[in-house]
Amino acid sequence: NLYVVGGEFRTKDPALDVVEFYRKQLPSLMIVSESDRTTCLEYKEGGLKRIISINEKNGETRIGVASIGGRESN
């Protein structure tokens, strides 16, 4: 019994500002990987895992969010 919920958001804010926003909102958030234009973040609490991908390209920042958990994490 696993569930996955995801979404994509876009903003004109710089990727660095978006990363800082998420780090303030979720202090236990860990940076899993960084490349030239993409930062992947991960947050775990109980049976819930949240993955956030932040990518900046052509003056736009895309934020992909996925939440993964079992029925017990509801």
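This is a predicted model: local features need pLDDT of at least 70, side-chain atom pairs count only at pLDDT 80 or more; totals for chains, interfaces and linings use all residues.
Let's start with the overall layout. The protein chain has one helix and five strands, and along the sequence they come in the order β-α-β-β-β-β. Taken along the principal axes, the C-alpha atoms fill a box of roughly 40 × 20 × 20 Å. There are 74 residues in the chain, and 27% of them count as buried. As for contacts with a separation of 6 or more, 44% are between residues 24 or more positions apart.

Now to the helix, α1, which runs over residues 15-25. Which of its residues are buried? They are Ala15, Val18, Val19 and Tyr22. Looking down the axis of α1, these buried residues fall within an arc of 100 degrees, so they line one face of the helix. Turn to the other side of α1, and you find Leu16 and Lys24 exposed. And what covers the buried residues? The cover includes the strands β1 (2-11), β3 (38-45), β4 (48-57) and β5 (60-70).

That brings me to the largest pocket, with a volume of about 150 Å³. Two or more residues of its lining come from each of α1, β3 and β4. Which element gives the most? That is α1, with three residues. Among the lining residues are Ala15, Leu16 and Val19, along with Thr38, Thr39, Ile54 and Glu56. Sorted by class, the lining holds four nonpolar, three polar and four charged residues.

Note on methods:
Residues are numbered from 1 along each chain as its sequence is written. Side-chain values use heavy atoms; hydrogens and water are left out. Buried means under 20% relative accessible area, exposed over 50%, partly exposed in between (1.4 Å probe, protein chains only). Helices (H or I, at least four residues) and strands (E, at least two) are DSSP runs, numbered from the N terminus. The arc is that of the directions from the helix axis to the C-beta atoms. Contact means heavy atoms within 4.5 Å. On a 1 Å grid over the protein atoms alone, a cavity is a set of points where a 1.4 Å probe fits but cannot get out, and a pocket is an open set with protein on both sides within 12 Å along at least five of seven lines; lining residues have an atom within 4 Å of a point. Grid points are joined across faces, edges and corners, and a volume is the space filled by probe spheres set on the points. Ala, Val, Leu, Ile, Met, Phe, Trp, Tyr, Cys and Pro count as nonpolar, Asp, Glu, Lys and Arg as charged, and the others, Gly among them, as polar.
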